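Visitor: I should like to learn how to read the features of a model of this kind. Please show it to me, and let us then take the features one by one.

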Amino acid sequence: MMRSWIVAPLTLVVACGPAKPAGPNPDSTAAARIDRVVNGLRPSIRITGEAPVRWTLADRMAHHKVPGLSVAVIDSGRIVWARGFGVKEAGGTDSVTAETLFQAGSISKPTFAVGLMRLVQDGRLSLDEDVNVKLASWKVPENRFTATEKVTLRRLLSHNAGLTVHGFPGYEAGTPVPTVVQVLDGIKPANTAAVRVDTFPGAISRYSGGGTTVAMLVATDVTQKSFPGLMKELVLVPAGMTHSTYDNPLPDSLAASASTGTYSDGKLVKGRYHTYPEMSAAGLWTTASDLATLAIELQQTWAGQSAKLVSKATLGEMFTVQKEPFGIGYVIGGKGVDLSFEHNGADEGFQAVFVAFAERGQGFIAMANSDNGSQLMNEIQAAVAEEYGWPSHRPTARTAVARDPATFGALSGDYLLAGGPEPLPATVRVDGGKLFLDVPGRVMNAELVADSDSTFFIRSSGTPVVFGKDRGGKVVGITIAGGIRGKKVK
C-alpha cells in the first residue's frame, strides 16, 4: 500500500470548522492545560443532541493500536509542551521521548520547499522557468501537454504541474533501492510508475509526490550537492532542527533513536521502516519538537523578526495560494490573523500531522508509529484547539438523521477506491446496528453517521461519505472527502 501521499485536503481524518475562540480557562498553568488535553480527547464532530464525548489519551492509544506518539504544542510563539507517549516499538519497553525519531511522510515536502525557496531567493533557481532548463541528469519528457505550458518549480511545489505518481511506498529493508532517475522513469527496482505529464501544466490541482521528486533533482543538479547535505545546510541547521535528517536509508548511528512502523492491524513493518529515495517527497526523519521549531522560525519570519531560512517576502509567496488549497509547499487555510500553514504525512507504518498559524503563534505537531495515527492525532488536535482557543480545527456541530439499520445492508460490502497511486480497498460493514468504514492504512473502525438518505459523515472527523446508486436504486459506488471515488465490487 502507498503511504507517503496523504495530505490535508485528501485525508479521511482531518476536519476543520470555524468557531469562536474559547474564553480563558480558570487554571491556565502549563500542567493543568496538559492534563485537560491528555484527559480530554474528543471527536472533531459534535452530534447535536448527544452528550459530549471525552477520552483519555491512554485509552485512545489502545483503541487505535498506536504504540508510540510524540506531541509538541505551540502557543504564544513558543513550544509550551512537548512529550512522548507509549513505546518506540509495539511490544517493546523502550519509551518514546521528545527526541525519538519518526518518519514525517509528506511533511517532507513543505520542509523541502523552504530550502528550495532559499535557492530561488538567492537567484540560483527561478520559480517560473521551465525546469528542463536547469535539469541536467534527467529531463521531463516533452509531449503535447508541454508544448505551450511548461513544468515549473512553482507548479511542482503547489501540485499543479500536471505530473503523475501521487505517492511512494518506499523500499523494504534489505531490498534494492533505485536511483532518483530510475524512480522518475519507473525502471526497476523502482516500484512505482514513470513520472510523466499527462495533463496541461497549471490546469488542475492534483497532488504529486512525483512532481516533488522532480523538484529535488532540480536542486541537486544545480547545486551538485547530496540532497541530505543540501537540506541540512539550507533548512535543518539554520532552523535548529538538531534531531532531523533526510538521509535514506537512515544511518546506523541513528537507528537506536528511531521508532518502528506499525500497520493498522498492529503488525510491525518488516525491517522496522522503509527507505525512501524520493527524499524530498517522503524521506524526512524528525521529531515533533523539531517540526515545531521550524514552525516557530517561520512564524518569526512572518512577523519580520527573523530571516534565517527565507525572507518575509519569500515566505509571503509560499503562504499565497497558487491553486486551491496549496501554497508553495504547504496547504494554506484561513485568512489574515487566522492564516494557517499545514500538511499531513504518512509513510509505511507512520503518520504525522502539522498545523501552525502564521500570525497567532500557535500550532500542533504530532507523530505516530502507526498507520492509525492520524485518527488518534485528530482527537488530540481537537482538544488542543479547544484548550488554546484556536479559530479553526475545533469540534464542529453536525446534525444526524435517523436511519433504519435494516437499510445498511445495501450499503455494506467491498469497494475499490481510485485516485491514488494504486487501487485502494475499502470495506463498509454493519456492526451492532451501526455502519463502519475501513480503509487499511487510512482509517479503521470509522463509524458512519447519516445526514441524508445516501450521504454520511465519519463521526470522528466529519469527512463526507456519499453512496452512489444506479437508476434502479442499487448501490454501485462510494465517494469519500469529495474526490476519492470507488466502485462497489461485492
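Visitor: Where is P249 placed?
Guide: P249 belongs to the loop between α7 and α8 (252-255), where helices (H or I, at least four residues) and strands (E, at least two) are DSSP runs numbered from the N terminus. The peptide bond that joins N248 and P249 is cis, with omega about 5 degrees. The model is predicted: local features need pLDDT of at least 70, side-chain atom pairs count only at pLDDT 80 or more, and totals for chains, interfaces and linings use all residues. Residues are numbered from 1 along each chain as its sequence is written, and side-chain values use heavy atoms, with hydrogens and water left out.

Visitor: Which kind of peptide bond leads from E324 to P325, and where is P325 found?
Guide: The bond from E324 to P325 is cis, with omega near 0 degrees. P325 is found in the loop between α11 (312-318) and β6.

Visitor: How should I read the confidence, and what is the average pLDDT of the protein chain?
Guide: The pLDDT is the predictor's confidence in each residue, from 0 to 100. The protein chain averages 92, and 93% of the residues score at least 70. Over residues 1-24 the pLDDT is below 50, although this stretch has 109 contacts in the model beyond near neighbours in sequence; contact means heavy atoms within 4.5 Å. Where pLDDT is low, the predicted coordinates should not be read in detail.

Visitor: How is the packing of two helices read, and at what angle do α3 and α7 pack?
Guide: Two packed helices are described by the angle between their axes and the distance between the axes. Axes are lines fitted to C-alpha atoms, for helices over the stretch in contact, and angles run from 0 to 180 degrees between N-to-C directions. Helix α3 (residues 108-121) packs against helix α7 (residues 227-239) at about 75 degrees, with the axes 9 Å apart. That makes α3 roughly perpendicular to α7; angles under 35 degrees count as roughly parallel, over 145 as roughly antiparallel, 65 to 115 as roughly perpendicular and the rest as oblique.

Visitor: Which residues of α3 and α7 meet?
Guide: T111, F112, V114, G115, R118 and L119 of α3 meet F227, L230, M231, L234 and V235 of α7. The residues of this contact divide into eight nonpolar, two polar and one charged. Here Ala, Val, Leu, Ile, Met, Phe, Trp, Tyr, Cys and Pro count as nonpolar, Asp, Glu, Lys and Arg as charged, and the others, Gly among them, as polar.

Visitor: At what angle do α1 and α12 cross?
Guide: The axes of helix α1 (residues 30-38) and helix α12 (residues 373-387) cross at roughly 140 degrees and come within 9 Å. The two helices are therefore oblique to each other. R33, R36 and V37 of α1 make the contact with I380, A383, V384 and E387 of α12. By class, this contact has four nonpolar, no polar and three charged residues.

Visitor: Let us turn to the sheets. In what order do the strands of the open sheet lie?
Guide: In a regular strand the side chains alternate between the two faces of the sheet. The open sheet has six strands with antiparallel pairing, in the order β3-β2-β9-β8-β7-β6; two strands pair if DSSP finds at least two bridges between them. Its edge strands, β3 and β6 (331-333), each pair on one side only. Neighbouring strands are turned by 15 degrees against each other on average, direction ignored.

Visitor: How many bridges join β2 to β3?
Guide: Eight bridges join strand β2 (residues 68-75) to strand β3 (residues 78-86), and the strands run antiparallel. R78 in β3 is the bridge partner of D75. The hairpin has two residues between the strands, and in it S76 takes a positive phi near 55 degrees. Strands β7 (residues 340-347) and β8 (residues 350-357) also pair in the antiparallel sense, over eight bridges, with A356 in β8 as the bridge partner of F341.

Visitor: Which strands close into the barrel?
Guide: The barrel closes through eight strands with antiparallel pairing, in the order β11-β12-β13-β14-β15-β16-β17-β18. The twist averages 30 degrees from one strand to the next. Four bridges join β17 to strand β18 (residues 484-488), where the bridge partner of I478 is G486.
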